[in-house]
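User: Could you take me through the strand pairing and the charged contacts in this one?

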Amino acid sequence: QSLRYRVPDLLAEELRQAISDQRPLPQLRRLADLGAGTGLLGPALRQLAGQEALIEAVDLSAEMLRLAKQRGCYDGVVHGDVLQVFRPRPTAASPPPAAATGGATATDLALQ
């Protein structure tokens, strides 16, 4: 935060706006913070989704995930490359996770 890294705050605000523009308001059940790093976006995701949502952090760095987990807002952490961790959903039986990273979103993905 001392570096004035604003991407998490800006992305959180964009997510808030996108959600508030939808009627009826969507219920976020599963979220993935892609490239979570130290988890700077995690608190905003938890606030947006609520305590009932499943929120997972995904990152290539085990050390970064250790720091993200300490924030206490993630239900789990996944160490690995996003392209290896996620695969196309085989069915539409379960809702896909909403995934966010520095400006990109992915919705047609599911954890392996």
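This is a predicted model: local features need pLDDT of at least 70, side-chain atom pairs count only at pLDDT 80 or more; totals for chains, interfaces and linings use all residues.

User: In what sense do E2 and E3 pair?

Analyst: Strand E2 (residues 54-59) runs parallel to E3, and four bridges join the two. Within this pairing, Ala57 is opposite Val77 of E3. Helix H3 (residues 62-70) carries the chain from E2 to E3, in a right-handed β-α-β crossover.

User: Changing topic: how many salt bridges does the whole structure have?

Analyst: The search finds three. One of them joins Arg46 to Asp75, with the closest N and O atoms 2.9 Å apart.

User: Where do Arg46 and Asp75 lie?

Analyst: Arg46 belongs to helix H2 (residues 42-49) and Asp75 to the loop between H3 and E3, so this pair ties together parts 29 residues apart in sequence. Arg46 is buried, at 9% relative accessibility, while Asp75 is partly exposed at 45%.

User: And Arg66, what is its partner?

Analyst: Arg66 forms a salt bridge with Glu63, and their closest N and O atoms are 2.5 Å apart. The two residues are three apart in helix H3, which means that about one helical turn separates them. Arg66 is partly exposed at 41%, and Glu63 is partly exposed at 42%.

User: What about Arg16?

Analyst: Arg16 forms a salt bridge with Glu13, at 3.6 Å between the closest N and O atoms.

Conventions
Residues are numbered from 1 along each chain as its sequence is written. Side-chain values use heavy atoms; hydrogens and water are left out. Two strands pair if DSSP finds at least two bridges between them. A crossover is right-handed if, with the strands pointing away from the viewer, the path from the first strand over the helix to the second runs clockwise. A salt bridge is a side-chain nitrogen of Lys or Arg within 4 Å of a carboxyl oxygen of Asp or Glu. Buried means under 20% relative accessible area, exposed over 50%, partly exposed in between (1.4 Å probe, protein chains only).
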